[in-house]
Amino acid sequence: MNELFIADRIKEFKDDPESVYNTWFLNNNDRLKAFRTIRNGLTDVIDHIEQRTFGNDYKGSTLEFIMSAICEQKQVFDGAAHAFYWKPKLRIPDIYENEANQLAFGRFLKAVLHTSQEKQLLGEIHRLDSLQIKGLGPAVANILYFLHPTLFPPFNTAIVRGYNDLLGQKIKLGSWSEYLDMRAGLIDMNECQRSLLSKDLGAIGGFMFEIGSGRLIVSGNAERVLETDAAKREKSSLKRHQEVLSDYREESEHSEMQYHLAKLGRSLGYKVWIAQNDHKRQWNNKTLGELSLPALPLLNVPKAASDTISFIDVLWLDAKDCIISAFEVEKSTSIYSGILRLHDLALSLNHPECHLFLITPDSREKEVQAQLLRPSLQQDKIRNLSYVLFSDLRCDCDAMCKYGRSVEVLEKITRRPAAG
């Protein structure tokens, strides 16, 4: 394939404001948070497997939470969880009922979580593949991407189709050897086009996704795109446009909630920290960074924990720089992602008096309640975790600023799920 032709298609990919390059790979703070969320969440998956508390179904497992966090990463990972659904008629993937296979899967996850050496990572893949666990194929590569984004590209039907269409290959789904062949080809192409792409293989994975989904036209997919019903293509384009507009509205609401929380915290006499990647966002003609400490005070926690804490949406700190309250604002992102970050904070600080809050749209209240009542979360029950609805914070912020004296003022609008 002509390198100039590929370069031109990459430029087209990057210039499209609604391509996944611009809506997912760039300009997406949730993508940055996902790497930390998924890495930390895998620790829970491994622990539950080792402690024999993982369960015998995908639903309700800690693996479901991890895959939910992956699937929310825009269109590129839509459907990434399907390969892990328990299919009882086929008995696949065989990691739920077969304890030996489940333990092998846990050992694999633990090994790839704790190394960054390419040779060792590839060795772990070959070791897992040699076990021939029925139904457990290279869909696991989507987990690997969030652990080692410069070594493993994401993987799904559209990405494989795009790779085949562009390069005239015949890579098939369901085989680790086929995935590794595609990986090698993508890495080679990425090296040739590095000035246009990124070390992070998500960029070239998104490029293949847009070819495979028909948004970018190459000779290999031209006939298929022409055969696709025009109305169906128009519907798909409209759906992408609506998703972009929805993301914009959600980001605006997210900034609004951070603004209210910062304003309230300051009025109560606390120091306020707003997630470091949100300092340039604006609401009500105010840049959020103006309401925040310029830097998060040093915390007596490991650096990895401090990095995670710095991405929590809003923190309130007292005069001694002790974290009094932490807030995660949820929108289309996984509720569990926010819970996990707050959980990490609680474990890192070992401060039982720290108040933890999810700030959630009214439309997601039932989902929040369901997540907080999941058995796997009840096993690691987090104290002082409750939620506040957008409408309550929006309507009552000014009154709480005027009459409140401490974090306890939030009790008036705080909600908790009723125990079953």
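**First stop: around Glu-210**

Select Glu-210 and show its surroundings: beyond the neighbours within four places in sequence, Glu-210 is in contact with Phe-13, Glu-18, Ser-19, Val-20, Arg-215, Leu-216 and Arg-240. This is a predicted model. Glu-210 sits in helix α10 (residues 202-212) and is buried, with a relative accessible area of 1%. Two of those contacts, Glu-18 and Arg-215, also join Asp-16 in a network of salt bridges.

**Next: helix α1**

The buried residues here are Ile-6, Ala-7, Arg-9, Ile-10 and Phe-13. They cover an arc of only 165° around the axis, which places them on the same side of α1. Their packing partners are α2 (20-25), α8 (157-167), α9 (176-192) and α10. Turn to the other side of α1 to find Leu-4 and Asp-15 exposed.

The whole structure holds 25 salt bridges. Start with Arg-183 and Glu-118, which meet at 2.5 Å, N to O. Arg-183 lies in helix α9 and Glu-118 in helix α6 (residues 118-130), so this pair ties together parts 65 residues apart in sequence. Is Arg-183 buried or exposed? At 6% relative accessibility, Arg-183 counts as buried, while Glu-118, at 35%, is partly exposed.

Finish at Arg-341 and Glu-328, paired at 2.8 Å, N to O. Here Arg-341 is buried at 6% relative accessibility, and Glu-328 is buried at 0%.

How values were computed: Residues are numbered from 1 along each chain as its sequence is written. This is a predicted model: local features need pLDDT of at least 70, side-chain atom pairs count only at pLDDT 80 or more; totals for chains, interfaces and linings use all residues. Side-chain values use heavy atoms; hydrogens and water are left out. Helices (H or I, at least four residues) and strands (E, at least two) are DSSP runs, numbered from the N terminus. Buried means under 20% relative accessible area, exposed over 50%, partly exposed in between (1.4 Å probe, protein chains only). Contact means heavy atoms within 4.5 Å. The arc is that of the directions from the helix axis to the C-beta atoms. A salt bridge is a side-chain nitrogen of Lys or Arg within 4 Å of a carboxyl oxygen of Asp or Glu.
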